[in-house]
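This briefing goes through some ring pairs, charges over rings and a sheet. Please look at the structure first and then read the points below.

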2 protein chains.
Amino acid sequence: MDRESERPAQQTARTGVDDPATILPQPPELTAEDTEFLRELGQQLRVDSIRCSTAAGSGHPTSSMSAADIIAVLLARHLVYDWSLPDNPNNDHLIYSKGHASPLCYSMFKAAGAITDQELLSFRKFGSRLEGHPTPAIPWVDVATGSLGQGLPIAVGVALAGKYLDKLPFHVWALCGDSELAEGSIWEAIDKAGYYRLSNLTAIFDVNRLGQRGETEYGWNLEIYRQRAEAFGAFPILVDGHDVEQIDAALSRSRRAADKPTVIIARTVKGRGFSEIENKNGWHGRALPPDMAERAIAELGGVRHITIQTLKPEPAEDPHGGGPPEGTQVVLPAYEVGSKVATRKAYGDALVALGVLPDVVAMDGEVSNSTHADEFASAYPDRYFEMFISEQMLIAAAVAMSVRRYRPFASTFAAFFSRAYDFIRMAAISQANIRLAGSHAGVEIGQDGPSQMGLEDLAAMRAIHGSTVLYPSDANSAARLTGAMAETDGIVFLRTTRGAYPVLYSPDEDFPVGGAKVIRSSGRDQVALIGAGVTLHNCLAAAERLATEGVSARVIDLYSVKPVDEGVLREASAVTRGNFVVAEDHYPQGGLGAAVMEALAGDASPPRVAHCAVRDLPTSGKPEELMEAAGISAEDIAGAARRLLETARFEPAGSARPGGSGGASPSTGGY
Amino acid sequence: MDRESERPAQQTARTGVDDPATILPQPPELTAEDTEFLRELGQQLRVDSIRCSTAAGSGHPTSSMSAADIIAVLLARHLVYDWSLPDNPNNDHLIYSKGHASPLCYSMFKAAGAITDQELLSFRKFGSRLEGHPTPAIPWVDVATGSLGQGLPIAVGVALAGKYLDKLPFHVWALCGDSELAEGSIWEAIDKAGYYRLSNLTAIFDVNRLGQRGETEYGWNLEIYRQRAEAFGAFPILVDGHDVEQIDAALSRSRRAADKPTVIIARTVKGRGFSEIENKNGWHGRALPPDMAERAIAELGGVRHITIQTLKPEPAEDPHGGGPPEGTQVVLPAYEVGSKVATRKAYGDALVALGVLPDVVAMDGEVSNSTHADEFASAYPDRYFEMFISEQMLIAAAVAMSVRRYRPFASTFAAFFSRAYDFIRMAAISQANIRLAGSHAGVEIGQDGPSQMGLEDLAAMRAIHGSTVLYPSDANSAARLTGAMAETDGIVFLRTTRGAYPVLYSPDEDFPVGGAKVIRSSGRDQVALIGAGVTLHNCLAAAERLATEGVSARVIDLYSVKPVDEGVLREASAVTRGNFVVAEDHYPQGGLGAAVMEALAGDASPPRVAHCAVRDLPTSGKPEELMEAAGISAEDIAGAARRLLETARFEPAGSARPGGSGGASPSTGGY
């Protein structure tokens, strides 16, 4: 059975006011015809979820079928969205937090007329934008989901932007699975939605009772979810998730909510509509084999091709308009060479300077007086969001700001970004543009001890797809790099240092992302000492010591850890005959050392690298004591250089090292 | 004022029964003398918290002062602990989830007679075990805390072990700050405590209203915390945290709880007892200057040296007794060479085999039918814990099992361990022994798309202090390495593959941790192809192709990514004149390639490495399509080898590459 029909949009007015609860007219009561139509649409979404996953040979049809009626009612009567203009600032946002319900998401796109039936059937095939879990490769998808418990936190961030920054009446909807309600991040999100009174947010819990390998913690005990949602500051509504009238009433109510976010807790049946698998365990993440699919489609009433005209928003001006007001100039702070300033302080100062750009926003995880984000909070309180100690929500909010095309800067201790590593990983898949500033790097922090020391952060952040990793050594470069962050897309991480160290560079020195500075050189250097952050200062001191011994050391400031400046490194390798010492306040794996090695490993003659890094578990103590204990002090660096040159000195006659005289270019390799 | 006194223990009987609620006598009512004594003890804890932090010049005295009365009552009347025998299996556990209250923790040790006043004053000094935040360098500390929101989840895990495995009547206490209640992990923990009915757990919320940079989200709104604790399955008790009678009653009640964990929500005052800073913002994480400290100590009644005899537990037999029953033999599974078996399946089979060891326990994050941990769950249901989709709690439970000296194996998708990266980081500082199995590595998983692909996991796990990282390529090595995990301390990560690939090794081949296998070699190899997991199979296929072209390629199975076998690599570098191709199903940073480079970077002549890794953001598709797109297929590896040899072939006459004839030893470097 194939049907073609089209349904006109209901004329629900949308205007650009702050509180939709006071203005939106009640949508018309559902007629019997409406009800029947919504049921049909729900069946179509089920049939299409089965069809596309069976065509793919994998996917999650049963998790789609449980939520099909909810999505049918939302799409036909409540979602305000112009499918031809996904960038309309007044469009609602709908995030599939249960990203594995991608068959439903894509079937919804078909029902909205956004994709063809043919494209729907390309699901999960190589080259199709309809991937296993939704990603922003699709214009109507805000963020990648599929790591559970992340869609709702990001939805909360989008609602935060809508209420406090855009001040537009769009509504944010998040469809959640019941399994993901076990993730703490879900409760960080609802807590923040309650705290910030996000009445423009509706979370829908699709409680189908069954997880991947069996029953969820609480099955169909909706009462538990009700209590939790309420305790965390939301207004809960319980519905039968297959009763379109109940769903419609709940969605109407939530769109009109005031002062609180809504959580619709829907009792649903996994695999609903196909009696052979309904409410049965063992059908998570499995496409129906073709014969079963055929029976299922028949039981569901056959293939349909209903197309819905969703409600369209009023046209709206881009909240970011034509960019900053004319004449706006970012005046980055400048520090006197030789004065002692912490790079975290320079970050805070520079962030305030960036505040003249109206799309720059900031957020912090309750440590803004340590990261110095508090300076921005004071200067631009309307564009600062306190996320308290919930780093997952901190990153989610930043990603959401990127969705709304703000330029977010999120800060906490470098160590504590590890709490949100999965969110940062997913942000890269979402192609979000977020800036992260992690303070208190390495053993240099001293007395607080290892729990507060970022010692894995360079490795973790470098491994994020498309990331940029910056690590300044002085206040002027930190300020310049903070400025550069605003202009850099992707996941940008800035590592700052707790202590105050001498300013090395003049304020007008440039620090392009991807560059490196040769900060000391004689032209006839025997060894290159490579550092960043506090170890650059130790490298400079080591070079002084070596100079008194007649050894000329080049010192390189590797402030851009990723991308790394291969040219500067390659030239240093050529001049020093490949004698490198890399010193970093980080564990030995995957950090500055690896960045240097990876950059030149493919060269004909890669450099020889003596590596000073933190090898033992650190303790508490003074910064100098801990750097000495870790073997990253000036004396350790000088010692490593001496040993390198000693062993190099014993070269057998006639075995000149290739690459030692300019042969370090990869295409003209010396062997 | 200095006082010396000693207080006899109250004779509260402890016996080895399951439910203390039915057996423990009510402790005697507090007399006026008791009350006065407890107040004195609280003042001592405050004074000592000030003294040690002022001596250190840093630390968190005010966060200690708010909880001093709670700890005084707990120590004097409720904690059952033999300070001379911290390994007594019947000892209670007390975890400072608010690890920054370390001054209070150490002052408590002094009051218990466990450390001297002199040692207390070594707080935060280099070489002292009294670090800025507690670590298990101290025998009475179970785990490192200081990253907020982690102590309570671990306490939940310890209670889980106590109730379901040890079946001992010890009680678990966790002292939490109010700021950390914003962490989702706190709610994952209370949820699991409720779900598993952990009546042997008491969480104490020290609600002092002030966080690091200002007021917490909810200040003194204890009612919000009450609702949340109740909704998450705990029994809440509200008290004035400075009223020793109320505290005593609450602790008594919680020790006798049945069926539910208790959450004591205590209204307290930060800096309590010193009028100049009481309840004032701006005093978080600041030691009092000496003059203020003097005034504070005077106001608090002077220095005291009360020593408490805490209640001692009955002696108990070690639940792990003399190890496994005599004759117990682990018989690891064996697979036929050439048959196709997924390494994740071999992990599951081997885990069942390890089940004969009674201290092996397992847990999973609701994907046990994917990781194959479900096999263990079926075979040993009493020693399997379903953590549902809450990876932070998954790791916390594993760490807790290590605290109780079990051998935990925790599994989920490799990508989703990133959700608990901060917990893994802290587990290393806790010197916990936990085994992690991450399945679904890399683009090889295919259609599910990038959200489910572990592509940063090797970098992240390698950077964990003292970690071991294993990545088998076939089922027999996976089984052997799973067996080896049981015998390996620290954080051990095993990366498994989704698809089934041919078994390469005989079942009796050994796979020592830290080893590598030369799986193909002619003795005159021109290039070494280095892979692990799926890319080893691609390396083998590439070697076949190269052989038809007359190129002899050595193939190395780098199954032990950390520690890495430097010897095997160094020999390969010598034989191949440093021509390496490393292929990995991982992003290019910090993974297999970096492991190889870091191992030999200090050698006189490091190898030249062509690196095949996943550089673009992957999509959905078939595994072979995605591996080709990523450039890690057999053809890509062969191509990289050809290019390497081509450029090497154009060597200028007379510039023989040093190290090419055995000169690769670092101490006799060829230049």
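Which residues do ring pairs link into a cluster? They are Tyr164(A), Tyr195(A), Tyr196(A), Phe385(A), Phe388(A), Phe205(B), Tyr218(B) and Tyr225(B). This is a predicted model, in which local features need pLDDT of at least 70, side-chain atom pairs count only at pLDDT 80 or more, and totals for chains, interfaces and linings use all residues. Residues are numbered from 1 along each chain as its sequence is written, chains are lettered from A and ligands numbered from 1 in the order in which they are written, and side-chain values use heavy atoms, with hydrogens and water left out.

**Ring pairs**

- Rings of Phe, Tyr and Trp (its six-membered ring) pair if their centres lie within 6.5 Å; planes under 30 degrees apart count as stacked, over 60 as edge-to-face and the rest as tilted.
- Over all chains, the count by this rule is 44 aromatic pairs.
- Phe511(A) and Tyr559(A) form an edge-to-face pair, because their ring centres are 5.1 Å apart and their planes stand at 75°.
- Phe511(A) is in the loop between strands S15 (500-502) and S16 (517-520) of chain A, and Tyr559(A) is in the loop between strands S18 (553-557) and S19 (560-562) of chain A, so the pair ties together parts that are 48 residues apart in sequence.
- Helices (H or I, at least four residues) and strands (E, at least two) are DSSP runs, numbered from the N terminus.
- Phe511(A) is buried at 5% relative accessibility, and Tyr559(A) is buried at 1%; buried means under 20% relative accessible area, exposed over 50%, and partly exposed in between (1.4 Å probe, protein chains only).

**Charges over rings**

- A charge sits over a ring if NZ of Lys or CZ of Arg is within 6 Å of the ring centre and within 35 degrees of the ring normal.
- Phe511(A) has the charged end of Lys517(A) over its ring, 4.8 Å from the centre.
- Phe232(A) has the charged end of Arg228(B) over its ring, 3.9 Å from the centre.

**The sheet**

- In chain A, 5 strands form an open sheet with mixed pairing, in the order S16-S18-S17-S20-S21; two strands pair if DSSP finds at least two bridges between them.
- S16 and S21 (608-612) of chain A are at the edges with a single partner strand each, so one side of each has no neighbour in the sheet.
- S20 (residues 579-583) of chain A pairs with S21(A) in the parallel sense over 5 bridges.
- Ala583(A) stands opposite Cys612(A) in S21(A).
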